[in-house]
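The sequence and the model come first, and the notes follow by topic.

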Amino acid sequence: MMDELASTAFAVLIVIASVFLYSWIFKKPSKESALLPPGPRGLPILGYLPFLRPNLHQQFTELAGRYGPIYQLWLGKKLCFVINSPGLIKEVVRDQDTMLANHDAPVAALIATYGGLSVAWSPYGPYWRDMRKLFVRELLSNNNLEASCNLRTEEVRKAIGNLYSKIGTSIDIGELAFVTELNVVLKLLWGGTIDGDKQDEVGVELRKVASKMIHLIGQPNISDFFPVLARFDIQGIAKATKNFLPHIDRILDNVINERMKMNSDGGEGDNKRKDFLQILLQLKEKNTSISLIQIKSILMDIVVGGTDTTAITVEWVMTEILRNPDAMKRVQQELTNVVGINNSVEEFHVSKLQYLDAVVKETFRLHPPLPLLIPRISSQSCMVGGYTIPKGSRVFLNTWSAQMDPQIWENPSEFRPERFLNVDSGKVCDYLGNSFEYLPFGSGRRICPGLHLAEKMVMYVLASLLHSFDWKIPEGKNLDASGTFGILMRKTEPLFAIPSPRSSNLSLYA
Ligand code: HEM
């Protein structure tokens with residue numbers, strides 16, 4: 001994608017170079033008063049854009065070796081800073097958190113979220129705070145997560161039950177995890193509003209929507225690097241996103257209408273527990289400041305933010321486990337001890353699965369789904385590491401670099417879950433954003449609000465897959481562990497694996 005961007009950038013921009021050279025020279029912010037860090041030099045106008053490689057987090061880490069833990073580079077008209085060390089990441093998310101609390105929303109993200117109304121893409125301020133509070137309080141609080149345990153159990157059991165009918169065949173693990181996670185998320189969102197075949201249809205449609213949206217948002221867009229060119233929409237990304245929006249609207253409008261009909265018929269939907277859509281619609285009735293498009297943006301936050309990330313994680317963990325048979329044996333032994341070979345895994349078992357927990361943590365370290373988190377933009381000029389970050393700069397927090405730092409992690413490229421078991425090392429890494437050398441869910445005000453749900457789901461799905469089945473790679477397939485970065489880092493080749501039953505507990509899943 002970066003190569004494509006580079007050639008498009010060249011073709012278009014060489015033609016108009018002379019016009020821009022003038023404005024470039026005269027509009028570039030003055031450096032006299034700002035102490036900027038060193039950084040790689042790029043070309044006039046294009047900056048470093050033509051030199052970007054697909055795996056940005058790796059390239060940024062290499063550049064840190066040359067320029068230090070903080071450096072600057074121009075991407076088109078945008079001044080960018082890359083922060084690579086735990087100490088400086090801490091400065092950003094603790095000391096300068098309010099100045100750097102905005103995500104730098106690409107044009108496509110703003111269009112897809114009705115002008116930035118979602119939690120992820122709204123600017124830091126009262127609107128974002130209220131929406132995030134609502135999101136966390138009503139959907140992702142500990143109480144709500146406990147209350148929705150049955151629903152997750154039901155969906156995971158359904159997925160495992162289906163696998164028993166596919167014994168010996170090759171399974172796309174990412175797809176399996178995605179469908180399971182999407183079903184859980186849809187149940188949390190609108191419970192029994194729609195059910196059966198209709199739920200499956202909506203699931204299939206939302207799946208397409210989520211992956212298209214991630215593709216559009218993750219695609220490098222000239223308009224983001226040269227805002228003055230945004231109105232020409234050279235790559236047609238804005239147009240594609242606008243054309244696609246009515247499709248999202250139609251799906252969500254249908255579900256919302258169904259739910260409103262149920263409300264007016266006095267139906268509670270998914271038995272006693274209120275689903276998220278029901279809560280949002282009730283709030284809307286009471287409080288006219290919440291509009292339908294805000295509700296839709298939040299629903300999309302969850303569908304887009306909560307499904308692919310979790311599925312990618314399950315796929316990476318399964319890949320590492322298949323590459324490390326000793327780890328697979330140890331996980332399965334732990335499951336046998338904690339769950340019992342002929343019992344099914346329950347969510348309450350998960351907190352006792354310490355080795356699996358270490359395997360998941362180690363996988364997040366090596367393969368974080370968002371190795372550069374979501375890039376920030378400075379709302380005010382501020383200082384990091386003794387350097388000035390001028391207002392309006394893009395800031396990349398390269399957590400991958402910190403997670404692969406040999407000064408912190410011994411033999412960082414080796415898969416060694418034991419490093420997360422070693423309590424004596426004094427390194428207690430959790431997901432809460434306080435260990436700045438380990439931040440798979442980010443940190444500070446913008447830390448992922450879905451982390452507890454994600455943790456529960458990832459652990460529960462993996463425990464169920466590994467307790468019920470042994471897994472092997474299909475003949476002729478290799479177990480490649482390379483990733484490709486868009487906005488998410490996915491496996492370059494999807495993982496296929498063949499299940500064979502480990503225990504005779506099929507009846508528990510039927
Ligand atoms: C393995 C799964 C997941 C990973 C690795 C992950 C990771 C992240 C990261 C790194 C960020 C950016 C944090 C920052 O900028 O500092 C983020 C933000 C976000 N995530 Fe997640 N996430 C996951 C699952 C979920 C789930 C399940 C949901 C919702 C149900 C969710 C919803 C969001 C939202 C709404 C934001 C934006 C928060 C804001 O801007 O205030 N994520 N996530």
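Which residue stands opposite Val395 in β8? The residue is Arg376. The model is predicted, with pLDDT of at least 70 needed for local features and 80 or more for side-chain atom pairs, while totals for chains, interfaces and linings use all residues. Residues are numbered from 1 along each chain as its sequence is written.

**Overall make-up**

**Strands around β8**
- Strand β2 (residues 78-83) pairs with strand β8 (residues 394-397) in the parallel sense over four bridges; pairing requires at least two DSSP bridges.
- Cys80 stands opposite Arg394 in β8.
- Strand β5 (residues 376-377) runs antiparallel to β8, and two bridges join them.

**Around the ligand**
- There are 27 residues around the ligand, and Gly305, Gly306, Gly442, Cys448 and Gly450 come nearest; a residue counts as near if its C-beta atom, placed from the backbone, lies within 6 Å.
- Two or more residues of this shell come from each of α13 (292-323) and α17 (451-468).
- The largest share, seven residues, comes from α13.

**Helix α17**
- Of the 18 residues in α17, 16 are buried.

Definitions and conventions. A residue is buried if 20 or more other C-beta atoms lie within 10 Å of its own, exposed if 12 or fewer, and partly exposed in between; C-beta atoms are placed from the backbone.
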